[in-house]
Amino acid sequence: MPKVLSIILGGGKGTRLYPLTKERSKPAVPFGGKHRIVDIPISNCINSGFRQIYLLTQFNSASLHMHIANAYNFDRFSRGFVEILAAEQTLEHSGWYEGTADAVRKNFIHFKTQNPTHYIILSGDQLYQMDLKAFLDKHIKSGADITIATTSVTREDASGFGIMKIDKKQRITAFMEKPAPDLNIDDWKIPENAREGIPEGKDYLASMGIYIFNADVMENALNNNFTDFGKEIIPMAIKKRKVNSYVYNGYWEDIGTIKSFYEANLDLTRINPKFNFYDEDLPIYTHARNLPPSKLNKADMNRSIASEGCVITDAKINDSIIGVRSIIESGSELNGVICMGADVYETSVQREQALAQGIPPLGIGKNCKIARTIIDKNARIGENCQIGVSGRAYEDGEHGDHGEFYVSSGIIVIRKNAVIPAGTII
C-alpha cells in the first residue's frame, strides 16, 4: 500500500505579498475571513487521505507555528501530523534554504524515517481543490517516475509559466520556462487526443508546481547541488526519467501577489464563486476559535462575507470580506474591502485608555468610507476617514511604502496594527 508524505513549500520572503508578509510567512496570511492560505493545501491533503504533512518555511514562522498548533491536532490512532520544518543549522548544513529543492534535500533526514513510497510536493500559496488521491492513482497506474500537475492556459498566459510539451500518452517530452510573447510555440500545443475536458482557446499546459515523485527517484534527483524544482530538477528529470502530466481542469489560482490575493478573496463574495468553501464533503479546515456569532445592529450588506465574532452597527457593506472580531461602527461604508479583523477583543477599559491617548479603538470608526482596500489585522481606523474613495489615483512611482499604508497595483493595504487618525484621507 502506498505511503505518501506531503511536503508543502512555504515559500521565501513573500516580497510579492508585502506588507502582508512583513510580520508573518506567506502561508500564514489570512484568507477568506477566517482561514489562512496554508489551510488550502493542508485541507486538500487531509480530504485526500494524506495525513502525514510537512511544511517547510524559514521566514517569520512564529505566527504560522501558532496557527498550525491550534488548528491541526490528530488523534493517536490516525498517525497523522502537520509538522513545520523551519530552516535549521546542523553539522551538515549551516545555511538557509537556498530554493525549493534545497529545502527538501536538507530535510531528508526527517523524511526518510517515515519510509515513504511517494512524496507529493505542494505550494503554500495556491487556491484550488484537488483530489490528490486520484492524482496519486493516475501516477501509479502510468508507471511514471514523476508526475506533474498541469493546467491548460492560453497563449497569452503561457508567458508567465513553465510550459510542458506532452505526447499522446501524457508523457512530458520537453519543458520551456516562460516563453516570450512573440515566440512561436505552436508545436507545443496540447495533442488533440489529450484535450478531453480542456476549454477552447487554452492550448498549452502549464506546470502548477505540484509534483508526485517515487521516493527513490526524488532522493536520487536531489543528489546534486541544484536548488530549484521548476528551473533545474524537473527539466533535468524530463531528459532522464519517465515524467508524466496530470491535467487538472478545475479552478486554480496563484495568490502570491497583492492583486491576485485581493481578486481571489473578493471572488468568494460572488453568488457562484470559483472556489467553493461550502462543499460539505471537502471542508477547508482551520483554527476553531469558539467565537460568538456575528452581531449586526442594523446593516445593509450585499455580496459580502462576515466571519464569526463581528459587531457591525448601521453600516453599508458591498463586495467585501469581514474577518473575525471585526468592529464596524455606524455610518461607515465599505466597497471592495478585505478586512482581516482582530486577534483579540478590546475591553471597555482598554478602549477608554486608547481614546484618552488619542488612539482610535480597534476596528473601523464612525462615518468612514473605504474602497479597494485590504485592512490587515488589529488596525485602528478613526472616525470620518476616507480611504480609496477620494478619486486620487496612485501613479506607478507612488506604489510602495507610505508609512501606515502601502500601495500595490492601485490597491491600498493598511498595515497590521496600523493607527489611522480620525479624519485621515488616503
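Predicted model: local features only at pLDDT ≥ 70, side-chain atom pairs only at ≥ 80, totals over all residues.

Visitor: Why is Ile121 called buried?

Guide: Buried means under 20% relative accessible area, exposed over 50%, and partly exposed in between (1.4 Å probe, protein chains only). Ile121 has a relative accessible area of 0%, and is therefore buried.

Visitor: Which residues does Ile121 touch, beyond those up to four places away in sequence?

Guide: With contact defined as heavy atoms within 4.5 Å, Ile121 touches Ile7, Leu9, Val104, Gly209, Ile210, Tyr211, Phe213, Met218 and Phe229. The C-alpha atoms of Ile121 and Phe229 are separated by 9.8 Å, although the two are 108 residues apart along the chain.

Visitor: What makes a set of residues a nonpolar core?

Guide: The members are buried Ala, Val, Leu, Ile, Met, Phe, Trp, Tyr and Cys residues joined through side-chain atoms within 4.5 Å. The largest such core has 38 residues, and Val104, Phe111, Phe213, Met218 and Phe229 have the most contacts inside it. A second, separate core of 30 residues includes Val4, Ile42, Leu64 and Met130.

Visitor: What makes helix α9 mostly covered?

Guide: Helices are DSSP runs (H or I, at least four residues; strands are E, at least two), numbered from the N terminus. Helix α9 spans residues 258-267, and eight of its 10 residues are buried, among them Phe261, Tyr262 and Leu266.

Conventions
Residues numbered from 1 in each chain as written. Heavy atoms only, no water.
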